[in-house]
Amino acid sequence: MTRGSTSYMGFVGVSTGGSSIRRVFPEWADALALPTRTLVGHDVALDSPPEVYRDVVTAIRDDPEHWGALVTTHKMAVHAAARDLFDDCDELAETFGEISCIAKRGDRLVGSAKDPVTARLALEEFVAPDHFAAGGGEALVLGTGGAGTALSHQLGVRADRPGRITCTALDQEPLDHARAVHERAGLPEGLVRYAVTRDADDVDALVAALPPASLVVNATGMGKDRPGSPTSGAVRFPERGVVWEFNYRGPLDFWHQALAQQEERGLHVEDGWRYFVHGWTQAVAEVFDVPMPPATVDELGRIASEHR
């Protein structure tokens with residue numbers, strides 16, 4: 001179908017103008033022969049009131065030239081504030097209580113949760129299928145928003161899952177949400193620990209208690225949406241550990257902390273670039289209803305890397 005010569009895809013985030021996708025999307029559109037090369041940002045402040053999210057979703061729904069949108073930081077808020085505006089939501093959106101992709105199918109507005117798929121695809125690229133069984137490591141997921149909850153879920157349903165998964169947040173509410181998601185998904189009782197961390201010292205203590213070969217992930221948004229790192233400069237990452245910074249742009253303080261210990265501690269350090277690629281390719285596939293096989297993802301990743 002067509003939505004006209006001035007149609008566009010949307011991007012709901014905090015500071016969408018700084019994202020690499022603004023430069024990448026037109027080239028992806030050419031490679032995929034999409035009906036538009038235009039990507040429009042919808043910037044929404046953190047912790048906005050519900051009516052702001054409802055207004056954004058309503059604007060997308062009612063604009064005949066709008067194909068749909070990827071939602072980044074506000075996934076859970078969109079579901080909480082505007083679920084009733086959607087005609088359909090997929091099973092993962094209901095399980096996770098989040099909407100990370102808004103698409104249209106005829107006159108129906110459809111919401112889906114892509115973070116679990118994105119987390120799994122990215123994780124499998126650098127964590128071996130027997131990593132936890134072979135090394136005996138645990139997983140520490142710092143930040144329990146949509147991305148952090150999706151990753152902890154994927155770690156929990158993985159055949160080779162960690163001996164323990166620890167999820168953190170600044171207060172209890174997101175941890176309660178994550179616990180409910182894990183219970184709905186049938187994760188084994190006792191697999192996941194939920195920890196409120198008030199400051200970097202609390203986080204450093206959790207990192208210090210990890211066994212070798214553990215996975216430590218920054219899913220807090222700190223280093224991109226907010227300044228700083230969830231860990232202090234005194235943090236000591238686990239020997240032979242895997243350190244994953246979900247962000248790929250911004251000061252990336254957490255990533256630099258890990259790089260400084262990479263040789264000494266034998267770390268594998270990843271940033272969020274491939275997570276970014278998988279997240280966007282999954283959203284593009286959903287919004288425009290196009291196939292996205294691995295070979296296509298690799299080609300789009302190559303195109304994107306030229307603008308990194």
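Which helix gives the largest share of the lining of the largest cavity? In this predicted model, that share comes from helix H2, residues 50-62, with 3 residues.

**The cavity**

- The count of cavities of 30 Å³ or more comes to 1.
- The space inside the largest cavity is about 30 Å³.
- Its lining consists of Val12, Tyr53, Val56, Val57, Val71, Val78 and Ile102.
- Sorted by class, the lining of the largest cavity holds 7 nonpolar residues, with no polar and no charged ones.

**How H1 and H11 are arranged**

- Helix H1 spans residues 21-32 and helix H11 spans residues 273-288; the two pack with their axes 12 Å apart.
- The angle at which H1 and H11 pack is about 50°.
- Where H1 and H11 cross, the crossing is right-handed.

**Residues in the contact between H1 and H11**

- On the side of H1, the contact is made by Ile21, Phe25, Trp28 and Leu32.
- On the side of H11, the residues that make the contact are Phe276, Val277, Trp280, Thr281, Val284 and Phe288.
- By class, the contact of H1 with H11 comprises 9 nonpolar residues and 1 polar residue, and no charged residues take part.

Key
Residues are numbered from 1 along each chain as its sequence is written. This is a predicted model: local features need pLDDT of at least 70, side-chain atom pairs count only at pLDDT 80 or more; totals for chains, interfaces and linings use all residues. Side-chain values use heavy atoms; hydrogens and water are left out. Axes are lines fitted to C-alpha atoms, for helices over the stretch in contact, and angles run from 0 to 180 degrees between N-to-C directions. Helices (H or I, at least four residues) and strands (E, at least two) are DSSP runs, numbered from the N terminus. A crossing is left-handed if the near helix is turned anticlockwise from the far one by less than a right angle, and right-handed if clockwise. Contact means heavy atoms within 4.5 Å. Ala, Val, Leu, Ile, Met, Phe, Trp, Tyr, Cys and Pro count as nonpolar, Asp, Glu, Lys and Arg as charged, and the others, Gly among them, as polar. On a 1 Å grid over the protein atoms alone, a cavity is a set of points where a 1.4 Å probe fits but cannot get out, and a pocket is an open set with protein on both sides within 12 Å along at least five of seven lines; lining residues have an atom within 4 Å of a point. Grid points are joined across faces, edges and corners, and a volume is the space filled by probe spheres set on the points.
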